[in-house]
Amino acid sequence: MNRRDCVFPSPLWGGVRGGGVRRNRSGPRSHTTELPPSLTLPHKGGGNRLSLHRRELIAFTGAAVLSWPLAARAQQSAMPVIGYLGTRAPGDDPHLLAAFRLGLKEAGYVEGQNVAIEYRFAENQYDRLPALAADLVQRQVAVIAANGRAAQAAKAATATIPIVFTAGFDPVAVGLVGSLNRPGGNVTGVAILDVELGPKRLELLHELVPTATVIAALVNPTDPARAETTSKELQAAARTLGLQFHVLKASADQEFDAVFGRLVELRAGGLVIGGEPFFNSRSEQLGALTVRYAVPAIYQLRTFAAAGGLVSYGSNLTDSYHLTGAYVGRILKGEKPADLPVQQATKVEMIINLKTAKMLGVTVPLSLLGRADEVIE
C-alpha cells in the first residue's frame, strides 16, 4: 500500500503523530488506526483499505469540530436573560440582590445555571436611567426587574418586554399600572409602604420628643415627584401637631454635613428622613450622622437604627425584593404581568435604639417600647 493512501488527521480516532500511519523501516507497521465503516472502501484483494481523499477527510473532521462549539452556543442562547435595572451603585445593598436571587431560585431559576442576568446600575444618577433602560431593551432581555425610578424609565423604554418593579410609591398614581388587582399592560411588581408612612413617622418622632417644636424633613430633589408628595404630607401632619416644619434637600454624600449643620442653625428637635433609594443605600451613614450631631431622627430601614438612628419604621425591603424575584421567575415560566396583581408589602416593623435614646436624653414611653418589633440596647 502506498504511504500516501494512509494519511489522515488523527484527532477523531486516537491520534497518530504526524497525522498518519508510519511503517518502521525494519518491520511491520508500528501503529494501526481504523476509520469508521462509512469511510472505508473494500480492497480488490479482500479486506478494507483506506482510500478516502485527504481533502475529504479534512472537510469531514473540520465540520465535526466546528459543530461542537456551535451546539454549545445554541445551548447558551436558549438560556433566558433577565435585565436588572437599579438606581443604586453595584456595591450598594448586596442583601437586596441576594433576596432577589433567592426568590428566583425558589421559582426554579439559578443565575449562571439556567438563567443569566444583565445588570445595569445608575449609581444614584437618575438621569442615566433612560439610556440604561434602552440598552436592556436593545439587548432583548426576557424580563426587566427594576426599583423605584428605574421602573418608570423601563416602562418608558418598552411596552412589550415584561417589567417587575419594587417601589415605595403608589404605582397607579405614577402610571406604572392601571390598577393593583388588574395591572394591565406589561408591568407588575411589589408596592412597598413608604411615602404613605411619612405622617406616621412624624407622629412617632413627636411621641418620642414631645417637647420639640421645630421638625425638619430630608428629601432628595432629584426624585421630585416623591420629594413633593413627602413634603406635602409631612407639612400637613406637622400643622396638625402644631409644629414648625422645614424641608431640607440632599442628593449626594457631600451635601449631608451641610444638611445637619442647617439642622443645628434651625434648632430642630427632630428629623424625618423621606424614604428614597439613594437614602436607602446611605442608611448607615445617615444613622451615624444623627449620632454625631445629636439629632433625634427616624427613617424607614432597620440599618438606620442599627447604625445609631433613634428609631426606624417601615417595610422590610428584603422581603419585597424576595417577592420581586419570585414574580420574575413566574413570568419566565410563561405568566403575563397583566394577569399578576401588584403585591403590597404591608408588613411594617419598628426598631428603637435605646442606647441612642439614653445618649440624647430621650425617655422612651413604655407603650412605645411594647409596640416595637426590636429594641437595640
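User: Which hand does the crossing of H7 and H9 have?

Analyst: A crossing is left-handed if the near helix is turned anticlockwise from the far one by less than a right angle, and right-handed if clockwise. The crossing of H7 and H9 is right-handed. One caution: this is a predicted model, where local features need pLDDT of at least 70, side-chain atom pairs count only at pLDDT 80 or more, and totals for chains, interfaces and linings use all residues. Numbering starts from 1 along each chain as its sequence is written, and side-chain values use heavy atoms, without hydrogens and water.

User: Within what distance do the axes of H7 and H9 come, and at what angle do they cross?

Analyst: Axes are lines fitted to C-alpha atoms, for helices over the stretch in contact; angles run from 0 to 180 degrees between N-to-C directions. Helices are DSSP runs (H or I, at least four residues), numbered from the N terminus. The axes of H7 (residues 256-266) and H9 (residues 283-292) come within 11 Å and cross at roughly 35°.

User: Which residues make the contact?

Analyst: Contact means heavy atoms within 4.5 Å. H7 contributes Phe 256, Asp 257 and Phe 260; H9 contributes Gln 285, Leu 286, Leu 289, Thr 290 and Arg 292.

User: How do the axes of H2 and H11 cross?

Analyst: H2 (residues 94-106) and H11 have axes that come within 7 Å and cross at roughly 35°. That crossing is right-handed.

User: Which residues of H11 are buried?

Analyst: Buried means under 20% relative accessible area (1.4 Å probe, protein chains only). Among them in H11 are Leu 317, Tyr 321, Val 328 and Ile 331.

User: What follows H11?

Analyst: Gly 334, with a positive phi near 120°.

Technical notes: Helix = DSSP H or I, 4+ residues; strand = E, 2+ residues; numbered from the N terminus. Buried < 20%, exposed > 50% of the residue type's maximum accessible area, 1.4 Å probe, protein only.
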